[in-house]
Amino acid sequence: MMRRSAALAMAAVLVPAAGAVGVMPSTSALVEGTPAPAAVGATAAPPTDTPTMPSDTSTTAPTTAPRDTPVAPPPATSSDTPTTTPSSPPTPRPTSPKTNDTRQVRISLQCSGCPGPLQFVTGVGQLRLVGTTLPARPGARVSIQRRAPGGSAYGQVAEVTTDRTGAFTWTGPMGPAGTSSYRAVLPGQATSSVASATVVDAAIMASAPAGQDTLVDPTVSGVATPRAAGLQVRTEVLTPVGWRTSQVGTTRSGGGFALPLTYGRGAVGVVTVRTAMTLPGGRVVASPSRAVNRLAVLNPVVRQTVAADVPRTYRAGCPVGPASLRTIDMNHWGFDGRIHRGRLVIRTANVTPILTSFRTAFDGRFPIREMRDASVYGGDDIISMEHDNTNGFNCRRVTGNPYRLSPHSYGTSIDINTVENPYRIPSGVWLPKNGQAYVRRTPYRPGMLTPSTPFTKALLGNGFTWLSGFDWQHFQR
């Protein structure tokens with residue numbers, strides 16, 4: 001009987017009273033070490049070192065469960081102190097591409113059918129836009145949009161479809177001069193970055209001297225647009241039948257060029273010139289015209305004579321050599337009404353009187369057939385005369401008198417227009433043969449020297465002696 005009473009007393013201690021609800025401490029209380037509130041209607045148990053799993057809704061489990069109720073084992077702990085397990089960072093969730101993501105569409109601009117340096121020029125070739133979608137979007141509709149020069153808004157110029165690789169192209173007109181901006185739009189998905197093309201109007205300018213010696217080709221310079229190297233440009237002159245090409249060249253870096261004006265060389269008067277270039281398709285772009293006056297000027301240049309000036313008219317043993325001579329290059333009128341360049345080699349002391357006399361002849365348009373050192377004819381005076389050659393120094397014997405040294409050997413004599421002013425040798429023969437028609441001095445014909453000719457008067461007035469009567473060509477001083 002006593003043994004049964006003791007068992008019943010122990011059961012009363014282990015089994016809670018009916019209706020008593022156990023309240024577990026909260027997680028925060030466990031972490032912070034704050035005691036959990038006691039069960040309602042029950043005596044608070046003393047603190048224990050064994051942690052209890054928190055729960056906001058469960059009841060306190062009996063220490064001795066009913067036979068048919070499974071009891072979960074207590075959680076394992078590594079220490080007597082309650083701990084919390086740190087949680088892993090959340091895995092990012094995939095997001096849809098943002099609208100206007102410039103990484104999704106790429107474009108570039110090209111000049112289609114634009115030869116050489118003619119890139120992005122109005123009227124030349126076409127503009128080509130090349131693009132791709134990343135990642136590839138086969139069969140997508142892409143809107144090509146343009147903002148015109150000076151504009152503030154984009155407008156659609158075309159709609160294209162991507163190919164199986166996601167690429168697309170569009171070709172359109174080059175557009176007006178100025179900077180146009182282009183972009184490609186995948187509606188609702190992405191917009192490309194902006195690609196710009198600066199289109200220029202082709203143009204060409206020119207400058208030239210107002211006047212210049214007609215035998216010196218003036219330089220026509222200018223600049224072409226686009227300002228690039230390799231553009232073919234030309235000078236053109238106005239003729240009775242229209243513009244005619246004179247010289248052709250190419251531009252340097254920056255579009256600059258310089259071309260000689262060869263047209264009208266030797267003529268006297270105004271030449272109307274312009275520069276031009278022809279664009280693909282045949283359109284001619286030309287500069288405003290310029291007037292260049294080709295002038296009649298004597299333009300003498302005097303220098304010390306060198307051996308190369310007198311290779312056949314001087315030799316060792318002559319009474320004077322190159323050191324005592326001067327070479328004069330100067331212009332003269334020809335029988336064709338044009339200006340030509342001639343050369344005289346004479347004694348140094350005769351330079352001033354020769355220049356003074358020849359200026360008078362030039363101003364009076366006195367024609368001279370040619371004026372060259374006789375070396376071009378081997379120093380042969382007869383051949384030189386047959387070519388109607390005006391010449392000075394020539395170390396030789398008197399033509400027709402081999403026993404006498406000619407005054408030409410001293411550089412003190414000149415022969416002028418030897419056909420129109422023939423020479424009679426001591427035997428009575430007139431030379432050259434092609435000058436026989438001029439033995440009679442009347443009527444007067446161009447190139448003849450007579451007492452009333454201004455050229456004759458100028459030579460005589462500058463101290464020259466004229467062997468008129470038998471040597472109409474010869475003056476000496």
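M205 touches S221, G222, V223, F257, T275, S287 and P288, when residues up to four places away in sequence are not counted; a contact here means heavy atoms within 4.5 Å. This is a predicted model, in which local features need pLDDT of at least 70 and side-chain atom pairs count only at pLDDT 80 or more, while totals for chains, interfaces and linings use all residues. Residues are numbered from 1 along each chain as its sequence is written, and side-chain values use heavy atoms, with hydrogens and water left out.

M205 lies in the loop between strand 9 and strand 10 (211–213), where strands (E, at least two residues) and helices (H or I, at least four residues) are DSSP runs, numbered from the N terminus. With a relative accessibility of 42%, M205 counts as partly exposed; on this scale, buried means under 20% relative accessible area, exposed means over 50%, and partly exposed is in between, with a 1.4 Å probe and protein chains only. M205 and V285 are 80 residues apart in sequence, and their C-alpha atoms are 9.8 Å apart in space.

For the protein as a whole, the secondary structure comes to 5 helices and 29 strands, and 38% of the 477 residues count as buried. Among the contacts with a separation of 6 or more, 59% are between residues 24 or more positions apart.

Strands of a sheet pair through backbone hydrogen bonds, either parallel or antiparallel, and in this description two strands pair if DSSP finds at least two bridges between them. Strand 11 (residues 219–225) pairs with strand 14 in the antiparallel sense over 5 bridges, and S221 stands opposite A258 in strand 14. The peptide bond from T225 to P226 is cis, with omega near 10°, and P226 is in the loop between strand 11 and strand 12 (232–239). Another cis peptide bond joins L134 and P135, with omega about -5°, and P135 belongs to the loop between strand 2 (126–133) and strand 3 (141–147).

Strand 18 (residues 301–304) pairs with strand 19 in the antiparallel sense over 4 bridges, and V302 has I328 as its bridge partner in strand 19. Strand 19 also pairs with strand 20 (residues 339–347), again in the antiparallel sense, over 9 bridges; T327 has V345 as its bridge partner in strand 20, and N331 has R341. The hairpin of strand 19 and strand 20 has 5 residues between the strands, and G337 there takes a positive phi near 80°.

What lines the largest cavity? A cavity is a set of points, on a 1 Å grid over the protein atoms alone, where a 1.4 Å probe fits but cannot get out, and its lining residues have an atom within 4 Å of a point. The lining of the largest cavity consists of L298, N331, H332, W333, F358, A361, F362, F366 and I368. Strand 19 (325–333) and helix 3 (351–363) are the elements that give two or more residues to this lining. The count comes to 1 cavity of 30 Å³ or more, and the largest cavity has a volume of about 40 Å³, where a volume is the space filled by probe spheres set on the points, and grid points are joined across faces, edges and corners.

Two residues with positive phi values deserve a look. N299, although not a glycine, has a positive phi of about 50°; N299 is in the loop between strand 17 (290–295) and strand 18, and at 32% relative accessibility it counts as partly exposed. D388, also a residue other than glycine, has a positive phi near 55° and is in the loop between helix 4 (381–386) and strand 22 (389–390); D388 is buried, with a relative accessible area of 3%.

Another open sheet of 3 strands has the order 25-29-28, with antiparallel pairing. Its edge strands are strand 25 (413–415) and strand 28 (465–466), each of which pairs on one side only. Strand 25 pairs with strand 29 (residues 474–476) over 3 bridges, and D415 has H474 as its bridge partner in strand 29.

How values were computed:
1 Å grid on protein atoms, 1.4 Å probe; cavity = no way out; pocket = protein on both sides within 12 Å on 5 of 7 lines; lining within 4 Å.
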